[in-house]
Amino acid sequence: MIKRITFLIFIILFCVFSMFKYLPIGNTDSINLNDIGSINDELSKLTVELNDSINATRPLQSQVSNMQSQIAQIKTQVSGIEADVANKQKTIDASYRNLAQKEQLLNQTIRDFYIKSTYNSPILILLSSQNAAELTQVLTYQQVATNQDKAVITNLALSITDLEQQKKDLQTEQTQLLALKTNLDDQSAKLNTIIQGAQAYQASLSSQIAELSTRQQELIAQKEQSLGLPTTAYTTSGGCSSDLTNGKDPGFSPKFAAFTYGVPHRVGMSQYGALGRAEAGQSDTDILNAYFANSTITNVGSGQNITVNGTNDYGETFSNQSMNVEDYLKHIYEMPSNWPSEALKAQAIAARSFIMHALSSGQATVAPNQSFQEVKTELNAQAWIDAVNATAGQVMESGGQPIEAWFSSTAGGYFHSSSDLGWSSTSYTKTGVDAIGSVNSFTDLINNAYDGPAHANSPWFYCDWGSRSQYAGTAWLTSGELADIVNVILLAKKDSSTQTHLAQIDKPNPDGVDTWGMDQVRQKLGLGAFTNISSISVSADFTSGQTATVTVTGDGGTQTFSGSDFKNYFNLRAPSNINIVGPLYNIEER
C-alpha cells in the first residue's frame, strides 16, 4: 500500500511541476485600460492556465482522497501495532524475570540428573535390592524421576530458545515499525505540500484573473455613469424609470426588471433618511449619531478660508475665489431648503465637517460641483442660512480631527462603513439598518425604512435604472433577454475565457472582439441553456442589506446564482444603460 501511495505522489509532483512552468512573468500593473486587447490576451492566458491546473489535478482528486484515507487507516494500524509491540515487550521482560528464578531449578535438576545417572546404576541397584519386587519398584521409580528431570530440562531449554527468538522478532518489528512511521510521516508531508502548492497556484491565478476582471469592470462603470445617478437630495433629475408606478407599457409580457434600493454611495448620512428621522422628531444630534460612530460635535470656530475653483453643475465658474468657511457653507446646495430645520442643521454640520476635514488634510482648494460639494454663486434660501448660523463652527471630530462626513441622497434603508465599499477604513463610519423597527423582508424594508415610501418617500428608494426608447422608455426586459443574461452567467462560469465575448449586444464590444448573440451563447452553452424564464426569486441578507441569491426557473431548469455574480453579468449584458446600481436589489415580474 505504501508503494502505491508513493507512486501516486510522484504522479502528482510531475503534474504540479508541469503546471508551475506556466506561471506568468512580467508586471501586469503596466497594462493600460485603453489597450483592451492586451487585457483580453492576459486574461485569456491566465484563465487557460487556471483551467489547465484544475483539469490536471481534478482526475487525481479521488486518488488523493483515497491516499489520505489509506494513510489514516495505516496510521490506525500502526497505532495498534505499537500497542502490540509494547505488550510483547512487557511479556518478554516478565519472561526474563521468571527465567532468572527458573535458572536455579534448571541447575538443580541438571545436578540431580547427573547424580542419579552416576550413582544409581542398574548394577548397584541389583546388588542392593533384597528381592525382585523391590528391584522392579526401584527401577520404575528411577525411570520416572529421570524422565521428569529430562522433561524439566527440555522445557526450560525450549523456553530459553523461544524467549530469545521472541526477543529477536520484537527487535525486527520495532525496526520495521520505526521505518514505517518515518515513511508515513514523509508521505503525508509530501502529500500536504503538493496539495497546498497546487491550491496556492490556482488561488494565485484566480487572484490575477479577478484583478484583470476588475479592470474590465471599469468599462462597465461607464455604462452606470450614463444614468445620471443623483448624488444629493437637492438633485431633481436621474435615470430612475419608476416602471412600477409610471404606467408605461413596453408592449410585451411577461416582463422583468431589476429594482435597486437606494443609490450610491450609502456611506455616512442618508439625506432622505435624515428627513424621515427629523419628521419622526429626532434632533440634528440624534440624526448624526445614527449615521456616524466614535465622533463628537465640537465647535472649532469660523476663522478659516477655503479657495473655490472650477465650474459647478449649473455652468457657473469660480476662479480661485477665497471664501470664509461659514460664507462658503451658505452657498452650498445639497439639501432642499424646505425640509425640517433639524435635517438642515444635521446637513450643515456634516457639510462643515467635510470641508474642515479637507482643510486639515492640506486640501486648500476645492471644486464647486458634486465631485466635492455643490456650490452656487448666489446664497441659498433663508432656511438653509439659518441652519448654518444655528450650527456655526460646529463639526464632528474623531481623535481630535474633523471627520470626512460623507452623505448621499438615498441609502435604501441601509448605511455602510467606508471599508464596505473598498474605501479606506474609518472608525467613524458604520454599517446599519436605517429603519424604524426590524427589517426581515422586502415588505418590512418598504414599510419601515426612514427614506422609504412610508416615511421620507425618496423618489430613488426603489428604482429600476436605465431605459430603451423602443420600449416606451422603460427598463423592462423580455423573458428571452433575461434568459440570455442567465446563459451568459452559466457560460462564463463554465469557461471564464469567454467573458470578453459576452458584452451587451446593442453596443460595440469594449474589448475589440466579436460579441456573441443570444443564439451563439445558447449554442456554446449547450445542455441546460435557457430560451425563456418563467419565474425568478430573490433572497437577501436583511442584516447587511445585500442581495444574497437569485434563483431562476425556465425551460433550462432551475439555477441559483450569488447576488454579486448576477449583478455583475446583468450589468455586463443588459441592453442600453439598464443597470443594477447597488448591493441590494429585487427582480420584479409583471
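Is Glu 588 buried or exposed? Select Glu 588 in this predicted model: the residue is buried, because its relative accessible area is 14%, under the 20% cut-off. Arg 590, at 46% relative accessibility, counts as partly exposed.

Asp 519 is exposed, its relative accessible area being 54%, whereas Arg 522 is partly exposed at 25%.

Now select Arg 277 and Asp 434, another pair joined by a salt bridge, whose closest N and O atoms are 2.9 Å apart. This pair links distant parts of the chain: Arg 277 belongs to helix H5, while Asp 434 sits in the loop between strand S11 (432-433) and helix H10 (442-448), 157 residues apart. Both Arg 277 and Asp 434 are buried. In total, the structure holds eight salt bridges.

Finally, select helix H6, residues 284-291, and colour its buried residues: Asp 284, Ile 287, Leu 288, Ala 290 and Tyr 291. They lie on the same side of H6, because they cover an arc of only 155° around the axis. To see what these buried residues pack against, display helix H5 (271-279) and helix H8 (341-360), together with strands S2 (269-270), S3 (296-299), S7 (394-398) and S10 (414-415).

Conventions:
Residues are numbered from 1 along each chain as its sequence is written. This is a predicted model: local features need pLDDT of at least 70, side-chain atom pairs count only at pLDDT 80 or more; totals for chains, interfaces and linings use all residues. Side-chain values use heavy atoms; hydrogens and water are left out. Buried means under 20% relative accessible area, exposed over 50%, partly exposed in between (1.4 Å probe, protein chains only). Helices (H or I, at least four residues) and strands (E, at least two) are DSSP runs, numbered from the N terminus. The arc is that of the directions from the helix axis to the C-beta atoms. Contact means heavy atoms within 4.5 Å. A salt bridge is a side-chain nitrogen of Lys or Arg within 4 Å of a carboxyl oxygen of Asp or Glu.
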